[in-house]
Protein chains: 2
Amino acid sequence: MGHVSDTKERLLGTALDLIYARSYAGVGVQELCEHARVKKGSFYHFFESKQDLVLAAIDRQWETGRARIFDVAFAKQLPPLARIERCFDLFYEFQCATKAETGKVQGCPFGNLALELSTQDRVIRQKVDRIFGEMMTYVEGALRDAVAAGDIPEQDVSRTAKALIAYKQGVMLLAKTRNDPEVMRELRGEFLRHLVGGKASLAGKR
Amino acid sequence: MGHVSDTKERLLGTALDLIYARSYAGVGVQELCEHARVKKGSFYHFFESKQDLVLAAIDRQWETGRARIFDVAFAKQLPPLARIERCFDLFYEFQCATKAETGKVQGCPFGNLALELSTQDRVIRQKVDRIFGEMMTYVEGALRDAVAAGDIPEQDVSRTAKALIAYKQGVMLLAKTRNDPEVMRELRGEFLRHLVGGKASLAGKR
């Protein structure tokens, strides 16, 4: 059993790494199997198709991203708006680390799949859409706390959360296109200062 | 000569349509030739590779997009901030039209290629990056006029322009992931109201 789950894990990890580094179409089942040192027959024992593997890989990526970024950034100990900024900073640090390791800004793994596949694969599109929704829920909670604390004016926090996730995706898109994580740092200030209407909202200035 | 340029045009138009509808990797040279009713030998007479064709197609797409969206929206007759909103509205109308025609929100053709290919193709990445830079120049000009007119506070207009293009890309990404252009309408208001710090910046409220 140990070996069986190890095979599945290797396939999942390989899919995450290779597809994130390139694209969904840029990696085939053959190459995935070679990298994971798995026979093609084993692949189809665990996964019906590349789509099936990638759906599991997306779940895994979100589990990891949620634990390492969202649950850390949105811990209640931080002041509400500082949580949102912490989240943005963790994304920035992650892009810097990836660039240092691979020479490339790889962007948001979910955003990448969304733009490559949304017109072509409804199941993957809908899964990514649900993950964006979960991200928004974190941001929305922090905004609600910020309104309650009087840090920002009353507003449609659901819409603002959506706008902040959109902005984060767009900034990562520009950083990937420039292959420069510093784009994120340059645009970090706009993230909260204007979007939520906070007056002294930057954590560093509190 | 008429026939020769017609062949090249058909290849360009086919590449634009098919790649925009799917992805770069989702369309091969064989299929491009079949759709354009062009022999493979002719393809390689005009273009060295799929990359070569797509680079030309990106130029063409930007010529068209600039003329139909940016030059229209950023006409000097409009008040400065209304130009930026007009641009956003033209993007929204374009996504609605595409959805009506194909059933799919296809997003920004440049953003799509940026996220699919930036780690894999430096030449395409750099071309898309330059186009984003040209988009920012339009926005920057309008912001400079808005500052001069006293519509918005003094600010780093270059950075704000970058933030607005990032936001636009992110909103289109969410709209594509939801397959719903109305996401753009919902998030339209945040586009200027907060990002540039305009007090009564919405064109409809002037």
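## Terms and Basis of the Model

A residue is called buried if 20 or more other C-beta atoms lie within 10 Å of its own, exposed if 12 or fewer do, and partly exposed in between, with C-beta atoms placed from the backbone. Helices (H or I, at least four residues) and strands (E, at least two) are DSSP runs, numbered from the N terminus.

This is a predicted model, in which local features need pLDDT of at least 70 and side-chain atom pairs count only at pLDDT 80 or more, while totals for chains, interfaces and linings use all residues. Residues are numbered from 1 along each chain as its sequence is written, and chains are lettered from A and ligands numbered from 1 in the order in which they are written.

## Chain A as a Whole

Chain A contains 9 helices and 0 strands. Its C-alpha trace spans about 60 × 35 × 30 Å along the principal axes. Of the 206 residues in chain A, 43% are buried. Two residues are in contact if their C-beta atoms, placed from the backbone, lie within 7 Å. Among contacts in chain A between residues at least 6 apart in sequence, 64% join residues at least 24 apart.

## Helix α4 of Chain A

Helix α4 of chain A (residues 50-73) has 24 residues. The expected span of a helix is 1.5 Å times one less than its number of residues.

The buried residues of α4(A) include A:Leu53, A:Val54, A:Ala57 and A:Ile58. An α-helix has 3.6 residues a turn, so residues three or four places apart point the same way.

## Helix α7 of Chain B

Helix α7 of chain B covers residues 122-148, and its 27 residues should span 39 Å at 1.5 Å a residue; the end C-alpha atoms are 38 Å apart, which agrees. Among its buried residues are B:Ile124, B:Val128, B:Ile131, B:Met135, B:Val139 and B:Ala142. The buried residues of α7(B) pack against α8 (157-178) of chain A and, within chain B, against α4 (50-73), α5 (80-102), α6 (109-117) and α8 (157-178). Just after α7(B), B:Gly150 takes a positive phi of about 80 degrees.

## How the Two Chains Meet

## Confidence

The predictor's confidence in each residue is pLDDT, from 0 to 100. Chain A has a mean pLDDT of 91, and 90% of its residues reach 70 or more. Over residues 199-206 of chain A, pLDDT stays under 50. Where pLDDT is low, the predicted coordinates should not be read in detail. For the complex, the predictor gives an ipTM of 0.94 and a pTM of 0.94.
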